Amino acid sequence: MASTSVGGLLFSSAALIAALSLSAEGFVAPSSQTSLARSSYAPASASHSSPSALYNRQARRKDKKKKKRSSLLIEDDDEPASSSNSQTFQKQEPILLGGGEIGFDSDVGESKIPVATSASSSSPSKSKLEQELSGERIQEDGIVGESVTSAASVSDMPLEPGMMQPDVTTIVTDPDTGIARIQQGKYVMDKVTGKAVILSSLGPEYRLAQMFPGVPPEVREKYRFDWKTVTVPEMVEQLKQACTVPLKNSETGKEWLGIPPFPQISNPAVDFVLANRDYLGHRMQKTLGRLKLRSQSQFKKEEAAELRELWKHFLLLEDHISAPFRQMVLNAESVVGPNFGNLDMKSYCNGELYERTANYLVLKSMVAHWEKKYNDAMELEALPDDEGAFMAQLYTGDPKRYLPDPPIIFRLAEVSRITSMAQQMVKAFVDEEELFSDLPAEVKFIESALSIKGGTALRQYMLEEFCPNENVDPASLREGLKRLYQQMFNMQIDPYGDLTMTLWNLCVATSVGTDEARDPYEEYIANAKGTSYENNPGFFQTYTFNHDKNSLVRFLDSSKTIEKGTAGSTEDVTRQIQGEAMQLLGFSFGGGGSPNPATRSAETQTKQKDYVVPEDRAIGRPHMMGWLDLLGEDEELTGASKEEFEADKWEEVKS
């Protein structure tokens with residue numbers, strides 16, 4: 001495997017230099033056994049008179065409580081300022097390494113972000129910020145809260161007190177609601193075996209090979225695409241051939257060639273995907289999905305079913321191939337998270353090469369994720385507190401902040417503390433030659449590329465400095481970057497999506513001017529060639545639906561004037577949401593709102609029996625074509641018992 005990789009174009013040289021200057025004035029430097037959670041902000045000096053935003057806000061809220069003791073106030077998880085912290089000090093601010101403007105306002109007022117009133121009167125023994133800083137998950141009833149390295153989830157089922165975490169992720173029924181929910185396990189499950197991923201026992205070199213898998217040269221030569229000329233139909237056909245194996249019905253004895261039933265896979269299919277991992281990945285996933293919908297919209301049922309089968313099988317192959325990588329990253333989360341704030345990186349981030357690589361990727365993803373949250377918090381603080389900014393407030397940042405007791409950290413003063421420490425941890429890791437110097441070239445390139453602005457300068461650095469110093473050729477580096485990107489793409493979006501998209505930007509930037517810049521997928525997934533079956537190979541005809549008279553769609557259609565070419569008037573939508581949905585969330589920006597169309601007269605309701613889609617929203621699309629239901633139960637795989645599927649009787653013919 002070529003050892004190569006690239007990082008995000010997010011991070012500037014000025015930002016990196018500024019990060020190096022972060023001193024103990026902002027954070028108490030922890031010892032090797034002490035995390036940031038046990039430290040506190042250190043006053044810079046008594047001569048400074050500008051208090052931090054955190055304590056400014058705390059003081060204002062305390063004053064407000066004195067004036068309105070009888071009023072219902074939003075609960076705040078911030079700790080009261082202790083006497084030791086009552087001194088004023090100069091605020092230490094993180095410097096963005098992941099994009100956006102450098103630095104932030106010298107003073108931050110009370111948060112303008114609307115938060116629903118807490119439904120619970122009890123508060124945890126630790127504040128949410130303290131839980132995050134100590135590497136723990138935020139504890140909330142019925143919700144899996146976030147940690148510095150893991151995302152919050154309202155759909156996952158938290159463990160009950162005294163419950164043991166399952167080995168692998170399982171589906172459980174919530175006893176309170178009867179709804180099926182996911183309960184995360186200790187290990188990544190391999191969907192092919194249905195069991196926990198097993199890392200090689202043959203040694204660290206074999207585990208590194210599992211982390212970045214490849215194939216022998218002769219296998220690569222057999223399956224590798226010629227990227228200069230290959231087309232999407234050719235790639236799909238070759239993938240189908242590689243996945244096709246002899247099958248046999250165990251009851252009738254009938255034999256034929258086909259794709260193995262879920263969850264079986266074949267070695268040739270794995271070899272084919274690995275040989276072309278940098279050319280397949282998520283763009284092939286999207287293309288197969290669009291081709292399936294295209295056939296379905298043309299009512300080619302058999303062709304659509306075949307494409308669906310290939311699409312799902314390819315997703316299974318991707319999941320199987322990336323499972324060891326995901327397990328190693330999960331292991332790294334359990335190392336980095338509990339040690340958040342500990343800058344003695346060698347005390348817990350040392351280990352074999354595959355372990356240190358995973359640790360670095362977790363650290364770098366953590367920085368990119370929290371910098372995105374910092375940017376969101378900055379944008380939200382800058383938005384005016386009025387009706388005109390309502391929609392911007394809705395779509396900016398993590399919507400989980402609107403929950404009654406948010407399982408996340410989102411206020412600027414708190415996010416900035418975590419962001420600053422995350423940046424310092426990455427810097428401390430990189431500065432340790434023993435930890436960083438022998439990482440795969442593509443991983444090291446992430447760090448060095450972050451300080452370079454502009455694609456031309458980046459490519460020049462890659463060709464003239466990085467590749468000669470690392471003794472790797474540029475083509476191998478570009479391939480390694482794309483393979484790393486494919487592995488990262490299979491991680492969960494939160495918190496790995498920000499670094500993953502940075503990797504994609506680097507893949508594109510480093511490929512400019514080379515044969516790898518060619519993208520045969522574009523015309524299939526970008527709608528770049530019009531909207532007809534004749535001139536767009538990825539086109540499929542969408543259509544409008546009948547909607548229940550009490551549905552949100554009909555509610556919005558009947559309560560506002562739809563502007564041509566848009567989903568409708570933002571002002572009208574805002575008024576409706578404010579007047580209805582926002583009341584359910586427990587806050588509003590004041591003002592009334594348009595009358596609820598649900599209260600209109602019965603005569604008007606009768607006239608709306610046959611739903612007619614407004615012309616400006618239909619934009620010429622046909623109504624109720626019905627092709628989404630073409631595959632029926634085969635599409636949903638629900639409503640039937642397992643024994644009813646003929647594929648369950650299939651088995652691969654053993655040669």
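**Close-up 1. Helices H17 and H18 side by side.** In this predicted model, the axes of H17 (residues 474–489) and H18 (residues 493–511) come within 9 Å and cross at roughly 155°. Axes here are lines fitted to C-alpha atoms, for helices over the stretch in contact, and angles run from 0 to 180 degrees between N-to-C directions. H17 and H18 are therefore roughly antiparallel, a label for angles over 145 degrees. H17 passes H18 in a left-handed crossing, meaning that the near helix is turned anticlockwise from the far one by less than a right angle. On the H17 side, the contact (heavy atoms within 4.5 Å) takes in Arg478, Leu481, Lys482, Leu484, Tyr485, Met488 and Phe489. H18 brings Tyr496, Leu499, Thr500, Leu503, Trp504, Cys507, Thr510 and Ser511. By class, that makes 10 nonpolar, three polar and two charged residues. Nonpolar covers Ala, Val, Leu, Ile, Met, Phe, Trp, Tyr, Cys and Pro; charged covers Asp, Glu, Lys and Arg; the others, Gly among them, are polar.

**Close-up 2. H17 again, now with H15.** Helix H15 (residues 441–449) packs on H17 at about 90°, with the axes 9 Å apart. The two are therefore roughly perpendicular, the label for 65 to 115 degrees. From H15 come Ala441, Glu442, Val443, Phe445 and Ile446, and from H17 Leu477, Gly480, Leu481 and Leu484. Sorted by class, this contact has seven nonpolar residues, one polar and one charged.

Close-up 3. Strands E7 (residues 245–249) and E8 (residues 255–258) run antiparallel and are joined by four bridges; pairing takes at least two DSSP bridges. Look for proline 246, which sits opposite leucine 257 of E8. Five residues lie between the strands, and glycine 253 in this hairpin has a positive phi near 80°.

**Close-up 4. Glutamate 464 on H16.** Glutamate 464 is part of helix H16 (residues 455–470). With a relative accessible area of 53%, glutamate 464 is exposed, the cut-off being over 50%, with buried under 20% and partly exposed in between (1.4 Å probe, protein chains only). Proline 474 is 10 residues away from glutamate 464 in sequence and 10.0 Å away in space, C-alpha to C-alpha.

**Overview and notes.** The protein has 25 helices and nine strands, taken as DSSP runs (H or I, at least four residues; E, at least two) numbered from the N terminus. Of its 655 residues, 45% are buried. Residues are numbered from 1 along each chain as its sequence is written, and side-chain values use heavy atoms, leaving out hydrogens and water. As the model is predicted, local features need pLDDT of at least 70 and side-chain atom pairs 80 or more, while totals for chains, interfaces and linings use all residues.

Terms used
Angles under 35 degrees count as roughly parallel, over 145 as roughly antiparallel, 65 to 115 as roughly perpendicular and the rest as oblique.
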